[in-house]
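Please look over this protein model with me. The briefing below goes through its helices, its loops and an aromatic pair.

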Amino acid sequence: MREQLLLAVFCVFNLVQLFSGAPHSPPNVLPNRTVIIGDVHGCLDELEKLLFAALGGPPRPTDRVVLVGDLVDKGPWPLEVLRRARHARWEVVLGNHEDAVLRIVQRLYRMEHEIKMIPLLADDRDPARVGPLLSHRLQVLCGTSAKRGRLRMCRREVRALLHSMTAHDLEWIAGLPTLLHLDGVDEQGTHTVVVHAGVVPKTPLEIQRRDVLVSIRNVQANGDAVLEKEYNPRVGVPWASTWAGPEYIVFGHDARRRLQRWPHATGLDTGCVYGGNLTALVLPTWQLHTVQCLTYEPVK
C-alpha cells in the first residue's frame, strides 16, 4: 500500500513538472538566446529558414531577435520582411537603405508645400493613403528630372515599395535606432553593440555621426571615415580591423568582404541577395549559422 502511494505521488509530481515546463528545459536549448542576423534585403524565405536553423525551430518568447538593418530594397519581399520584424517586435538598427527611404520621403514632402509630414504620418484614420501619395509624387519627380536615369530613387522597385507602405511602416522606420547595446548576453559580460555599417575607431560611441553608423566601410590613416558614397577599396582599411574595443561590435553592410571576423568585431553581411548566404550570430554561444540564398541581384 505504501509503495502504491509513493508511486502515485511520483506520477503526480512528474505530471506537474511536465505541464508547468519547470525546472527542466529541452536538451541543448539555452534560455534567453539572442540571434543577430545580417542584411536581409527582402529575402523573406531565407530569413525564416535561418531563424529555424539557428534556433532549432521558431523563435520562443524568451528569444531576442536582432537585425543589423537593410531589411528593404533589392530582394523580392522587402515590405514583408519589414512587417515581419515590426509585427514580431524584433529589434532592428537603421540601415543605409532604410535611411534612404526616409530621405526620399523627406524630399517628396518638401516638394508638396500644402502637405505637412507630421500630421499625415500621425493620421490613423487612413494610414494606407500615405504610400500611393508618395509613389505618385516620386513618379512626377522622376518623370520631370533630367537625371532620372541615374537616380536610385527613381527605380521602379523603390516606387513600388513606397506605394505599398502605410504611415505605420514609415513611423516604424523613422523610430529605428542607429546603435543598439546588448548587455549581459553571455557569461563573460561582453558589452556587445549592434550597428549597421560600423564606427570610427578611437571615437566614443555616443558621438559617432549618423552617416558613419549607417554607411562607413573603411577608415584612413588619419582617422577619417570612408563612406559608401565615396568608397574606393584602395583608400583606407576596413574600419573593424583597427577597432580595439572595449565594446564588441556586430555589423553588416559590407557584402563585398562577406563574413568578417576581427578581434573586437564581426561582420555578418554575407551577400544573401547576391546569391551568397544569410548569416546569423547566436549568443551566448557565439555560434555562426548560415543558409544558402537564391540570386536576386547581380553580384557586386
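Trp286 counts as partly exposed, at 23% relative accessibility. Buried means under 20% relative accessible area, exposed means over 50%, and partly exposed lies in between (1.4 Å probe, protein chains only). This is a predicted model: local features need pLDDT of at least 70, side-chain atom pairs count only at pLDDT 80 or more, and totals for chains, interfaces and linings use all residues. Residues are numbered from 1 along each chain as its sequence is written, and side-chain values use heavy atoms, with hydrogens and water left out.

- Trp286 sits in the loop between β12 and β13.
- Trp286 is not a glycine, yet its phi is positive, at about 60 degrees.
- The count of aromatic pairs comes to 2. Rings of Phe, Tyr and Trp (its six-membered ring) pair if their centres lie within 6.5 Å; planes under 30 degrees apart count as stacked, over 60 as edge-to-face and the rest as tilted.
- The rings of Tyr248 and Trp286 have centres 5.1 Å apart and planes at 75 degrees, so this pair is edge-to-face.
- Tyr248 lies in strand β9 (residues 248-251) and Trp286 in the loop between β12 and β13, so the pair ties together parts that are 38 residues apart in sequence.
- Tyr248 counts as buried, at 12% relative accessibility.

**The whole protein**

- The protein has 9 helices and 13 strands. Helices (H or I, at least four residues) and strands (E, at least two) are DSSP runs, numbered from the N terminus.
- Of the 300 residues in the protein, 48% are buried.
- Among contacts with a separation of 6 or more, 59% join residues 24 or more positions apart. Contact means heavy atoms within 4.5 Å.

**Helix α2**

- Helix α2 has 12 residues and reaches 17 Å from its first C-alpha to its last, close to the 16 Å expected at 1.5 Å a residue. The expected span is 1.5 Å times one less than the number of residues.
- Which residues of α2 are buried? They are Leu44, Glu46, Leu47, Leu50, Leu51, Ala54 and Leu55.
- Seen down the axis of α2, these buried residues fall within an arc of 155 degrees, so they line one face of the helix. The arc is that of the directions from the helix axis to the C-beta atoms.
- An α-helix has 3.6 residues a turn, so residues three or four places apart point the same way.
- The face of α2 turned away from the buried side carries the exposed residues Lys49 and Phe52.
- The buried residues of α2 pack against β1 (34-37), β2 (64-67), α3, β12 (277-283) and β13 (287-292).
- Just after α2, Gly56 has a positive phi of about 75 degrees.

**Helix α3 and its meeting with α2**

- The axes of α2 (residues 44-55) and α3 (residues 78-88) come within 9 Å and cross at roughly 35 degrees. Axes are lines fitted to C-alpha atoms, for helices over the stretch in contact, and angles run from 0 to 180 degrees between N-to-C directions.
- Leu44, Leu47 and Glu48 in α2 meet Glu80, Val81 and Arg84 in α3.
- The residues of this contact divide into 3 nonpolar, no polar and 3 charged. Ala, Val, Leu, Ile, Met, Phe, Trp, Tyr, Cys and Pro count as nonpolar, Asp, Glu, Lys and Arg as charged, and the others, Gly among them, as polar.
- In α3, the buried residues are Pro78, Leu79, Val81, Leu82 and Ala85.
- They cover an arc of only 160 degrees around the axis, which puts them on the same side of α3.
- The cover over the buried residues of α3 includes α2, β2, β3 (91-92), α7 (156-164) and α8 (167-174).
- Arg89 lies in the loop between α3 and β3. Its relative accessible area is 75%, and Arg89 is exposed.
- Arg89 is a residue other than glycine, with a positive phi near 60 degrees.

**Cis peptide bonds**

- The peptide bond from Gly245 to Pro246 is cis, with omega near 10 degrees. Pro246 lies in the loop between β8 (237-238) and β9.
- A cis peptide bond also joins Leu283 and Pro284, with omega about 15 degrees. Pro284 lies in the loop between β12 and β13.
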